[in-house]
Amino acid sequence: MDRLFKSRLEARFGDVLTGPIRQRHDQTEIRIATGDVVRVISALHDEPAFDFRFLSDLAGVDTGKVMQVVYHLWSTTTPDRLRVTVDGLSRDDPRVPSVTFLWKGAEWMEREAYDMFGITFEGNRDLRRIYMPPDYQSFPLRKDFLLADDAARSPGAGVRPMERGHSPASAPSTAVVRRTAG
């Protein structure tokens, strides 16, 4: 755990952090709002005191209440990996600026988060489905994604029409014929 790194982060970004800086083992985490993404990520990338030139991962998160985007960054200036969590994205229309202007490889990671969570990355030049069919209307990794046979969910919650299969009454009859030796 790099305590000097924590001090540098507090001094540079203390005014925009939405929560305390957390450190555990070899990872440090900061939380920021959507409006501060470009400013904070650019500073982490460009300023020699930080020099986070490697984006190792970008992921969407659905807490059940809000959406988040999490960036995992690496730098030679600290032994700690940095997790930057963008908090409080709207569930109805989650949007965050793209970071492809810093890391070209982020394009595919942003596409995956878009496809699985419905998070729009503004500025991504090729934001389209990567796993699901282009006309698919839902986002499979969201907490509110229900399948017709999802017995773990409350039966009163219902099923979204797009995931609804056919009811047993409308299914074709499949009679089981038993043969007996005879």
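Helices here are DSSP runs of H or I with at least four residues, and they are numbered from the N terminus. Glu-107 is a handy example, as it lies in helix H3, which covers residues 106-117.

## The big picture

Before going further, keep in mind that this is a predicted model. The chain has 182 residues, and 40% of them are buried. Its secondary structure comes to three helices and seven strands. If you walk along the sequence, those elements come in the order α-β-β-α-β-β-β-β-α-β.

## Where H1 meets H2

Let's start with a pair of helices. Two packed helices are described by the angle between their axes and the distance between the axes. For H1 (residues 3-13) and H2 (residues 37-46), that angle is about 135° and the axes are 12 Å apart. What do we call an arrangement like that? Angles over 145 degrees count as roughly antiparallel and 65 to 115 as roughly perpendicular, so H1 and H2 end up as oblique to each other. Their crossing is right-handed.

Which residues do the touching? From H1 come Leu-9, Arg-12 and Phe-13, and on the H2 side they meet Arg-39, Val-40, Ala-43 and Leu-44. Sorted by class, this contact has five nonpolar residues, two charged ones and no polar ones.

## H2 under cover

H2 is mostly covered, with seven of its 10 residues buried. The buried ones are Val-37, Val-40, Ile-41, Ser-42, Ala-43, Leu-44 and His-45. Val-40, Ala-43 and Leu-44 also turn up in the contact with H1.

What sits over these residues? The cover includes H1, along with strands S2 (27-33), S4 (67-74), S5 and S6.

Now back to Glu-107. Is it buried or exposed? Its relative accessible area is 9%, and the cut-off for buried is under 20%, so Glu-107 is buried. Its side chain makes a polar contact of 3.2 Å with the side chain of Arg-125. Leaving out residues up to four places away in sequence, Glu-107 touches Thr-100, Asn-124, Arg-125 and Asp-126.

The Asp-115 side chain reaches a backbone atom, the nitrogen of Ile-130, at 3.1 Å. Beyond its neighbours within four places in sequence, Asp-115 is in contact with Arg-129, Ile-130, Tyr-131, Met-132, Ser-138, Phe-139 and Pro-140.

## Links across the sequence

Arg-81 lies in strand S5, which spans 81-89. With 38% relative accessibility, Arg-81 counts as partly exposed. Where does the chain come back to meet it? Arg-81 and Gln-27 are 54 residues apart in sequence, yet their C-alpha atoms are 4.8 Å apart in space. Gln-27 is also one of the residues that Arg-81 touches, and Asp-26, Thr-28, Ser-56, Leu-73 and Trp-74 complete that list, not counting residues up to four places away in sequence.

Asp-93 is in the loop that runs between S5 (81-89) and S6 (95-97). At 41% relative accessibility, Asp-93 is partly exposed. Its side chain joins that of Arg-95 in a polar contact of 3.0 Å.

## Two loop residues with positive phi

His-25 has a positive phi of about 55°, although it is not a glycine. You'll find His-25 in the loop between strand S1 (22-24) and S2. Its relative accessibility is 59%, so His-25 counts as exposed.

Asp-51 is another non-glycine residue with a positive phi, near 55°. Its place is the loop between H2 and strand S3 (54-62). Asp-51 has 23% relative accessibility, so it counts as partly exposed.

Note on methods. Residues are numbered from 1 along each chain as its sequence is written. This is a predicted model: local features need pLDDT of at least 70, side-chain atom pairs count only at pLDDT 80 or more; totals for chains, interfaces and linings use all residues. Side-chain values use heavy atoms; hydrogens and water are left out. Axes are lines fitted to C-alpha atoms, for helices over the stretch in contact, and angles run from 0 to 180 degrees between N-to-C directions. Angles under 35 degrees count as roughly parallel, over 145 as roughly antiparallel, 65 to 115 as roughly perpendicular and the rest as oblique. A crossing is left-handed if the near helix is turned anticlockwise from the far one by less than a right angle, and right-handed if clockwise. Contact means heavy atoms within 4.5 Å. Ala, Val, Leu, Ile, Met, Phe, Trp, Tyr, Cys and Pro count as nonpolar, Asp, Glu, Lys and Arg as charged, and the others, Gly among them, as polar. Buried means under 20% relative accessible area, exposed over 50%, partly exposed in between (1.4 Å probe, protein chains only). A polar contact is a pair of N or O atoms within 3.5 Å; within protein, one must be able to donate a hydrogen and the other to accept it, and residues adjacent in sequence count only if both atoms are side-chain atoms.
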